[in-house]
Amino acid sequence: MGLFEVTISGIGIILGAGIYALIGQAAGLAGNAVWISFLLSAVVAVFTGLSYAELASMFPRASAEYEYTSQAFGRFAAFIIGWLIIFSGVIGAATVALGFGGYLRALTGTPLLPAALLLLAFLSAVVLLGIKQSARLAIVFTAIEASGLVLVMLIGLPYLGRADYFEMSPLGLPGIFQASALIFFAFLGFEEMVKLSEEAKDPEKNIPKALILAISGSIVVYIMVALSAVSVLGWEALSRSSAPFADIAYSALGQEASVVLSVMALFATANTVLLMLVASSRIIYGMARSGCLPRIFASVHPQRQTPWMASLLSMTLSMAFVFLGDIALVANVNNFTVFVTFIVINAVLIWLRYKKPQVSRPFRVPVSLGRLALLPLLGILLNAFMLSQLDWQVVAIGLALTASGAAAAVANRRWRARRGCQNND
């Protein structure tokens, strides 16, 4: 995969189901000022994205966050982070597959669960065929998906200026912060790009470049879409909509346009599921190859050269979680795991500047005070602030997942000790 394919894959997962599904609920929290929430989320993404870019240039490996954390803090912490990332990916894929099923049911009457399960099975088959096939399908889906967002922007152009873009909901400023925490799900994807390092050409240069290009492009699109959405419907009507883009099209252009945008939403959700399945299977493969998960999940198919057992496990776990139907709840559970991971990743970069200054860094995060990288420090503070905006139920579920990861890490360490493996803790 070259720079173009990696960038398009990143944009594809960033511009996925989050913006299509969550903008209505975010508008209910933030009001017409929801674009500010997108901007705040983008700032958090940029700071952490720069940290990912430097770490990816240092350690271009498929295990990504696991590898970075292991290099700085040892296998125990790395296992917990890898555990959270795996569950974030598979639960996210399951939830977005349900979103696909919801759109399909609205259009055709197809039952929700069978549609979601069939989508997971079909896209897992694509993943098993090979990374090039996955990337090509992602390029096609991304083009359709991005076209839907462009269409929303074009629909909103005649309406721009009709809304007060600083009008907040009754929640005021806290609502903007809560909306930022919710819609951060819409920016997820840039961190998944680094898991393609071992399948990219010249990854030390192309992964950081593609990552920054994908985040930058997504920021512009999201803010324009948010402004268009509130211009057409206003935040109150937007917050009551279960299919916000379809309702925007219906309000401005009628029923046919609404159907077109609903079909585009199918491609958007399918694209997100595809890339989440790719990413989660790669970290399972990377952890298995490192000896932290059973070796069978490091198996590579002799003909297709894909981590086929890891891909099957990713599909199976996603299917198991497909019965979780609340996309907002699971988006925030994903956000919990991601905020925790991003705090750790930024801390990893800061610590490695001191622990391993000799390691080559083809890309380096700018602005430092001596060896202290200042932007990752801001990234830690911003992610901690976003974490504080989540509902207590989400935090409870997130803590339970983290605790299960810690228990699995202890069991893994004891298993490695019995086998006489060296622990880098």
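Select Gly-254 and check its backbone: just after H12, this residue takes a positive phi of about 105°. Helices here are DSSP runs of H or I with at least four residues, strands are E runs of at least two, and both are numbered from the N terminus. The model is predicted, so local features need pLDDT of at least 70 and side-chain atom pairs count only at pLDDT 80 or more, while totals for chains, interfaces and linings use all residues. Residues are numbered from 1 along each chain as its sequence is written, and side-chain values use heavy atoms, with hydrogens and water left out.

Step back into H12 and colour its buried residues, Pro-244, Phe-245, Ala-246, Ile-248 and Ala-249. Buried means under 20% relative accessible area, exposed over 50%, and partly exposed in between (1.4 Å probe, protein chains only).

Next, show the largest pocket, with a volume of about 460 Å³. Of its 25 lining residues, Gly-99, Gly-102, Tyr-103, Ser-242 and Ala-243 are the closest to the centre. Helices H2 (17–30), H5 (75–108), H12 (244–253) and H13 (255–289) each give two or more residues to this lining. H5 gives the most, with eight residues. By class, the lining holds 12 nonpolar residues, 12 polar and one charged. A pocket is an open set of points on a 1 Å grid over the protein atoms alone, where a 1.4 Å probe fits, with protein on both sides within 12 Å along at least five of seven lines; lining residues have an atom within 4 Å of a point. Grid points are joined across faces, edges and corners, and the volume is the space filled by probe spheres set on them. Ala, Val, Leu, Ile, Met, Phe, Trp, Tyr, Cys and Pro count as nonpolar, Asp, Glu, Lys and Arg as charged, and the others, Gly among them, as polar.

Now select Leu-182, Asn-332, Gln-389, Asp-391 and Val-394, which lie nearest the centre of the second largest pocket among its 13 lining residues. H2, H8 (173–183), H15 (327–355) and H17 (392–418) each give two or more residues to that lining. The second largest pocket contains about 210 Å³ of space, and its lining has seven nonpolar, five polar and one charged residues.

Which residue does Arg-353 pair with in a salt bridge? Select Glu-54: the closest N and O atoms of the two are 2.8 Å apart. A salt bridge is a side-chain nitrogen of Lys or Arg within 4 Å of a carboxyl oxygen of Asp or Glu. Arg-353 lies in H15 and Glu-54 in H3 (residues 34–58), so the pair ties together parts 299 residues apart in sequence. Arg-353 is buried at 2% relative accessibility, and Glu-54 is buried at 0%.

Arg-361 lies in the loop between H15 and strand S1 (368–369), so its pairing with Glu-54 in H3 ties together parts 307 residues apart in sequence. Arg-361 counts as buried at 12% relative accessibility. Shared partners join Glu-54, Arg-353 and Arg-361 into one network.
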